[in-house]
Every structure is written in structure tokens, then in C-alpha cells.
Amino acid sequence: IRNISGPFNIIGIIRNWLLRSKHFGLFFYELFNCPWCIGFHSGYLAYLLTQPHLSITALFLYGFIGSGIVPLFDSILNYLNKNDADE
């Protein structure tokens, strides 16, 4: 979501539309630049989309797990892209 455009630039179009918003553009700009924020919001949204019953503890657990996983994969992706640029 942060770095890719997706197939047919769908993610890029949605991201640009959100960033151009007069009232929420700054919020989405800061959200897309923070891997912990993206991870937390993605984690609890995944919980809400997959679980039929709401548990506040599980909601926060999914959020915190997401905020730990996304920065890890983000740093791995940055490392791989750095090595590709060096070659």
C-alpha cells in the first residue's frame, strides 16, 4: 500500500485520491509514511473483516501484531531494493 501502484495502478490512483483530499490529505500522508501506523490499522481491519464476534483484546492484539509485522517486511523490502539498485 505504501510503495506499490498495484495492478493497473489501482492502488496508486486510490492513494493519490486520498492524498489530494482537502480535509484528510495530511492524515493519509502521515499514515502512508509510517509503517507502524499502516501495520496497526491493517491488523485491526483484518480482524474486523475475518472474525464474526468482536473482542476488544483480540482487536488490539491484531493491531499490535500488524504493527510489528509490517515494519519488518518493509525493512526487508527496502534492503532488497537497495541491493538491486547497487547491482
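**Cysteines, core and helix contacts**

Tutor: Cys-34 counts as buried, because its relative accessibility is 18% and the cut-off for buried is under 20%. Bear in mind that this model is predicted. Cys-37 has a relative accessible area of 31%, so Cys-37 is partly exposed. What is the disulfide count? It comes to zero.

Now the contacts of Cys-37. Leu-31 touches Cys-37, and also Ile-38 and His-41, leaving out residues up to four places away in sequence. Leu-31 and Ile-38 both belong to the largest nonpolar core. Leu-18, Phe-28 and Phe-32 complete that core of five residues. Helix H2, residues 25-32, supplies the largest share of this core, with three residues. In soluble globular proteins, nonpolar side chains tend to be buried together.

Next, helix H3. This helix spans residues 35-50 and includes Gly-43. Gly-43 is buried, because its relative accessible area is 9%. Which residues does Gly-43 contact beyond four places in sequence? They are Tyr-62, Gly-63 and Gly-66.

Tyr-62 is part of a nonpolar surface patch of about 870 Å². Other members include Leu-61, Ile-65, Ile-69 and Phe-73. Ile-69 lies in helix H4, residues 56-86. Its relative accessibility is 40%, so Ile-69 counts as partly exposed.

Technical notes
Residues numbered from 1 in each chain as written. Predicted model: local features only at pLDDT ≥ 70, side-chain atom pairs only at ≥ 80, totals over all residues. Heavy atoms only, no water. Patch = residues over 30% accessible without salt bridge, like charges linked within 9 Å, V, L, I, M, F, W, Y side chains within 5 Å. Areas by Shrake-Rupley, 256 points an atom, 1.4 Å probe, with all protein chains shown as cover. Salt bridge = Lys/Arg side-chain N within 4 Å of Asp/Glu carboxyl O. Helix = DSSP H or I, 4+ residues; strand = E, 2+ residues; numbered from the N terminus. Buried < 20%, exposed > 50% of the residue type's maximum accessible area, 1.4 Å probe, protein only. Core = buried A, V, L, I, M, F, W, Y, C linked by side-chain atoms within 4.5 Å. Contact = heavy atoms within 4.5 Å. Disulfide = S-S within 2.5 Å.
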